[in-house]
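Trainee: I would like to go through this protein step by step. Where do we begin?

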Amino acid sequence: MSTPPLTDLDQMTRLPDRNRSSISLVLAVQTLNSFNDNFVKMLLISLAITVAKGTLLGDNMEILLVVIFSLPYILFAPVAGWLSDRLSKRDVIMWMQVAQLACFAVLAVVLLMKDTYWSLLLSLGGFFLLATQATFLSPAKMGMMKEIAGSRRLGIVSGWLQMTMMAGVLSGIWAGGEWFAANYERSGDAWMSALWPLVVIAVLGVGELIAAWAVQPTPPHPDMKFKASVLWEHFAQLKLVFKERAIRLAAIGINFFWFVSNAVGLIVVTLAK
């Protein structure tokens, strides 16, 4: 069944059941995706502290992971936005769940190596792939909400997106560290203490893929042709951010929020170490 036009959705006092269930499914997928990203991050930080304390990687893993997670958003954001405009946003969400499972497989193989230097170094590459997956998911999930909720309800569904994302971030940070600590205290094997939780969330990731598949299909837009300028146009668009006061203040507010949240996260991990 096709998605009703935005104007029709805005005039409805109640969204169709198919749209409402799709909104819930997208919220569930993005919450679990945020949970998984931060769960893996805490697993890798805990592992590095345990097996490589006193080395460059062991003492700076949390800083490296924060930087690596941010890079794909800087490098690939325009391409990710174009892809979600060009293809069905539901299809992008679904294929990003497939990509997430592939990232888990890469990280599992890396951890099975059990090499203090190469496993930790290659895990940074695996985490970069996971961050890239999250980068391409981001515009798809946000754009999807407008297509299935309409413009009039966009504010409230955006609020739910942000709230559930933060719930996923915080719970992932807590669960990753707690699960590793419990496993390591019981077994004394740091590598397996990180590997088994990774395997479990990979299995749960299959549920995410099924949920993404169940989301209402949305139409592609084949008229959105790719241009080479897409690769760097976000740097030019910074002029708009600094030119328009309302956009500039909003951008500063968002950046301040993420700066403080990441700074607090680094401070807490440093104190724990």
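Mentor: Helices (H or I, at least four residues) and strands (E, at least two) are DSSP runs, numbered from the N terminus. The model is predicted: local features need pLDDT of at least 70 and side-chain atom pairs pLDDT 80 or more, while totals for chains, interfaces and linings use all residues. Residues are numbered from 1 along each chain as its sequence is written, and side-chain values use heavy atoms, with hydrogens and water left out.

Trainee: What is the radius of gyration of the protein, next to that of a compact globule?

Mentor: The radius is taken over C-alpha atoms, and the globule rule is 2.2 Å times the number of residues to the power 0.38. For 273 residues the rule gives a value near 19 Å, which agrees with the protein's 20 Å.

Trainee: Is Thr135 buried or exposed?

Mentor: Thr135 lies in helix α5 (residues 116–149). Buried means under 20% relative accessible area, exposed over 50%, and partly exposed in between (1.4 Å probe, protein chains only). Thr135 has 2% relative accessibility, so it counts as buried.

Trainee: Which residues does Thr135 touch?

Mentor: Contact means heavy atoms within 4.5 Å. Leaving out residues up to four places away in sequence, Thr135 touches Pro72, Tyr73, Phe76, Ala77 and Ala80.

Trainee: Which residues does Met96 touch?

Mentor: Met96 is in helix α4. Its relative accessibility is 13%, so Met96 counts as buried. Not counting residues up to four places away in sequence, Met96 touches Gln133, Phe136 and Leu137.

Trainee: How is α2 oriented relative to α4?

Mentor: Axes are lines fitted to C-alpha atoms, for helices over the stretch in contact, and angles run from 0 to 180 degrees between N-to-C directions. Helix α2 (residues 17–51) and helix α4 (residues 89–113) pack at about 15°, with axes 12 Å apart. Angles under 35 degrees count as roughly parallel, over 145 as roughly antiparallel, 65 to 115 as roughly perpendicular and the rest as oblique. That makes α2, relative to α4, roughly parallel.

Trainee: Which residues of α4 make the contact with α2?

Mentor: On the α2 side, the contact is made by Val26, Val29, Asn33, Asn36, Val40 and Leu47. On the α4 side, the residues are Ile93, Gln97, Gln100, Phe104, Leu107 and Leu111.
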